[in-house]
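Here is a walk through the structure shown below, taken chain by chain and then detail by detail.

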Amino acid sequence: MADNGGKKITLKSSDGEEFEVPEVVAMESQTIRHVIEDVCAKNSIPLLNVNSKILSKVIEYCKKHVAAAEAAASKASTEEGTAAAASVTKPSDEDLKTWDAEFVKVDKGTLFNLILAANYLHIPGLLDLTCQAAADMIKGKSAKEIRKFFNLKNCISPEEEEEIRRENQWAFEEEKRTRAFDAYA
Amino acid sequence: MHGFGETFPLVPRSSVSLSDEMGPVPRLGGPRTISPSHQKTIKTKPRGLDEETNVLTTANKILISEIQLDESVWAHLPDDLQIEILARVPPFLLFRLRPVCKRWNSILNDSGFISTHSRVPVHGPCLLTFWRNPSSQLSILSMPLKTWFKIPFGFLPDWVFWLVGSSGGLVCFTGFDELTFKTLICNPLTQTWQVLPSMHHNQQRQLILVKSNSGTDYKVIAASEISGDSKTIPTEVYDSRTGTWSLHDTMPAVSLCSSKMAFCDSRLYLETLNPIGLMVYQVDTGRWDYIPVKFPRSLLDGYLVSGAKKRLFLVGRVGIYSTLQSMRVWELDHGKSIWTEITRMPPRYFRSLLRLSAERFECFGQDNLICFTSWNQGKGLLYDVEKKSWSWIMGPAVQLCNSQVCFYEPRFDTLV
């Protein structure tokens with residue numbers, strides 16, 4: 001990533017740790033971008049809602065994505081107009097997806113905090129990634145497990161629950177494969 | 001606004017606790033772990049920063065700086081973030097979450113949820129199949145989930161018989177109600193539907209449904225008659241915003257070589273034999289044009305398939321003698337008006353899909369996916385134009401036998 005003396009900014013976590021990052025990385029957060037652009041913040045931005053552990057993860061995400069965008073842009077400009085440009089950016093898209101998938105392999109508490117941080121700091125890509133990871137987590141859970149997970153008040157009676165389940169029975173019934181088509185490949 | 005020295009604290013004006021339990025309490029520079037049992041919340045008033053908090057109005061007004069790595073933390077998730085997560089659960093699986101609680105049961109009608117859902121990345125390609133004989137069934141295959149779902153469609157009138165197509169989550173059906181030809185648009189997930197008014201020339205015609213990219217409005221284009229009568233009638237377009245059909249240009253008398261049409265980039269394409277080429281209907285102008293394009297030599301079938309953006313494909317077999325046949329895909333070079341071959345179906349797939357060279361098959365596609373279905377065998381083969389890969393579509397054989405199939409995108413925007 002270009003470290004050619006680009007402007008740096010300091011982010012301070014709620015527990016007092018300081019992180020110096022290039023401004024362009026910090027601006028992945030639209031919240032921080034507003035502060036820098038509209039309010040003319042000087043050198044340091046305290047983030048009282050994000051602790052150091054989460055902030056370092058967020059910065060890691062922003063650094064990776066800024067670097068990936070810069071690499072794609074520079075490759076596109078050097079091979080502009082050739083078919084090679086399209087095929088060159090594709091592998092790095094895959095690499096980034098793989099990196100993202102690894103990035104969200106964290107414990108539930110960290111994931112939860114990352115969602116809150118991504119929301120608070122307004123980082124759309126990170127919010128999308130973390131919320132998708134959470135959605136994947138609840139996909140396989142039963143109604144009872146989900147209620148416990150989100151601490152939702154059990155406001156429906158077993159009869160009501162049964163009726164709703166009956167109305168949506170089709171979603172529970174998956175039609176199984178009758179034969180493996182792969183055999184024809 | 002200026003003159004705050006070196007540091008600029010980002011602090012919300014107030015803190016709000018969530019749900020019935022008290023949220024954890026923030027401590028500025030305090031110890032790492034905070035006990036959730038603390039009842040007080042801290043209200044901070046930044047020095048002269050009242051206007052600056054516009055930066056934070058879009059952020060949640062929560063102060064959760066220190067949270068214990070505890071399973072119960074998810075209970076503190078604010079409503080809008082709960083919706084962000086739910087919107088990313090595969091649409092069909094959302095129906096399984098309805099028994100969880102009253103709120104989640106009605107979430108599919110919640111406008112906040114619907115708008116969030118329309119913003120998240122699409123679920124992935126799905127196939128919708130429909131048939132009336134021997135027994136009626138509407139099924140949707142979710143390719144990302146590799147699962148077929150039997151969708152209840154008792155909400156549809158009995159006269160619904162033919163599947164026209166699908167666009168942006170909406171599905172178009174036609175049928176004869178007594179002697180009247182009728183057209184119906186529905187959303188199978190929300191079970192909402194609407195019968196369109198009769199066309200000016202209300203006969204069984206080639207129809208195509210096109211949903212607009214922005215908003216919930218859609219158009220239905222009625223081209224030539226299916227009965228094959230040589231008398232041509234004006235093309236009509238239904239616009240959901242006006243709720244009416246409008247008359248447009250009549251297609252010039254040509255010999256159509258197939259009744260297949262493809263819609264891409266606001267244009268409807270049909271193949272013609274005499275003169276050789278494509279007839280193109282422009283929705284914006286309401287006029288038909290002719291593009292002289294030579295077809296590939298020895299082409300046996302000619303399926304037109306629309307791809308992503310402006311790409312248009314031609315699919316079919318080449319070669320008269322069965323032993324030398326191959327299935328090929330061409331792409332239209334719009335500038336030069338020629339078909340350029342982009343791929344051939346590998347022989348093993350070809351032999352498996354069409355046991356006999358005279359085997360009947362259907363071909364359709366969208367978004368750079370081309371699907372082949374073999375009527376008698378109930379098999380489906382998928383070609384991904386971008387990935388250049390071939391794969392079989394799994395599923396109970398009966399789903400693809402003698403049924404009408406189209407690509408489908410699950411959406412919750414209900415019919416306007």
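In this predicted model, chain B contains 6 helices and 24 strands. Its length is 416 residues, and 54% of them count as buried. Of the contacts in chain B between residues at least 6 apart in sequence, 48% join residues at least 24 apart. The accessible surface of chain B is about 18,900 Å², and carbon and sulfur atoms account for 51% of that area.

Chain A has 9 helices and 3 strands. Along the sequence these elements come in the order β-β-α-α-β-α-α-α-α-α-α-α. Buried residues make up 42% of the 185 residues in chain A. Among its contacts between residues at least 6 apart in sequence, 61% join residues at least 24 apart. Chain A exposes about 9,600 Å², with 51% supplied by carbon and sulfur atoms.

The two chains can be followed to a place where a helix of one packs on a helix of the other. Helix H6 of chain A, residues 124–139, meets helix H1 of chain B, residues 79–86, at an angle of about 70°, and their axes are 8 Å apart. At that angle H6(A) is roughly perpendicular to H1(B). On the side of H6(A), the contact is made by Leu127(A), Cys131(A), Ala134(A), Ala135(A) and Ile138(A). On the side of H1(B), Leu81(B), Glu84(B), Ile85(B) and Leu86(B) take part.

How many of the 8 residues of H1(B) are buried? The number is 6, so H1(B) is largely enclosed by the rest of the structure. The buried residues are Leu81(B), Gln82(B), Ile83(B), Glu84(B), Ile85(B) and Leu86(B). Their cover comes from both chains: it includes helix H5 (108–120), H6 and helix H7 (143–150) of chain A, and helix H2 (91–94), helix H3 (102–105) and helix H4 (111–119) of chain B.

The next topic is the nonpolar interior. In soluble globular proteins, nonpolar side chains tend to be buried together. Here the largest nonpolar core has 89 residues, and the residues with the most contacts inside it are Leu11(A), Trp74(B), Phe113(B) and Phe173(B). Leaving aside neighbours within four places in sequence, Leu11(A) is in contact with Glu17(A), Glu18(A), Phe19(A), Val21(A), Ala26(A), Ile32(A), Ile45(A), Leu47(A), Leu55(A) and Ile59(A). Apart from this core lies another, of 20 residues, among them Leu353(B), Cys363(B), Tyr383(B) and Trp392(B).

Cysteines bring up the matter of covalent links. A disulfide is a covalent bond between the sulfur atoms of two cysteines. A search of the whole structure finds 0 disulfides over all chains. Cys131(A) is in none, and the nearest cysteine sulfur, that of Cys62(A), is 15 Å away. Cys131(A) is buried, with a relative accessible area of 0%. Cys406(B) is likewise in no disulfide; the nearest cysteine sulfur belongs to Cys172(B), 9.9 Å away. Cys406(B) is buried too, with a relative accessible area of 8%.

Glu28(A) gives a view of a loop in chain A. It is in the loop between helix H1 (23–26) and helix H2 (30–39) of that chain. The C-alpha atoms of Glu28(A) and Ile59(A) are 9.2 Å apart in space, while the two residues are 31 apart in sequence.

Most residues other than glycine have a negative phi, and most peptide bonds are trans. The peptide bond from Asn274(B) to Pro275(B) is cis, with omega near 0°. Pro275(B) lies in the loop between strand S13 (267–274) and strand S14 (277–282). Ser266(B), which is not a glycine, has a positive phi of about 60°. Ser266(B) is in the loop between strand S12 (255–264) and S13, and is partly exposed at a relative accessible area of 30%. Ser298(B) also has a positive phi, near 60°. Ser298(B) lies in the loop between strand S15 (287–291) and strand S16 (303–306), where it counts as partly exposed at 42% relative accessibility.

Definitions and conventions:
Residues numbered from 1 in each chain as written. Chains lettered and ligands numbered in written order. Predicted model: local features only at pLDDT ≥ 70, side-chain atom pairs only at ≥ 80, totals over all residues. Heavy atoms only, no water. Disulfide = S-S within 2.5 Å. Buried < 20%, exposed > 50% of the residue type's maximum accessible area, 1.4 Å probe, protein only. Core = buried A, V, L, I, M, F, W, Y, C linked by side-chain atoms within 4.5 Å. Contact = heavy atoms within 4.5 Å. Helix = DSSP H or I, 4+ residues; strand = E, 2+ residues; numbered from the N terminus. Areas by Shrake-Rupley, 256 points an atom, 1.4 Å probe, with all protein chains shown as cover. Axes fitted to C-alpha atoms, helices over the stretch in contact; angles between N-to-C directions. Parallel < 35°, antiparallel > 145°, perpendicular 65-115°, else oblique.
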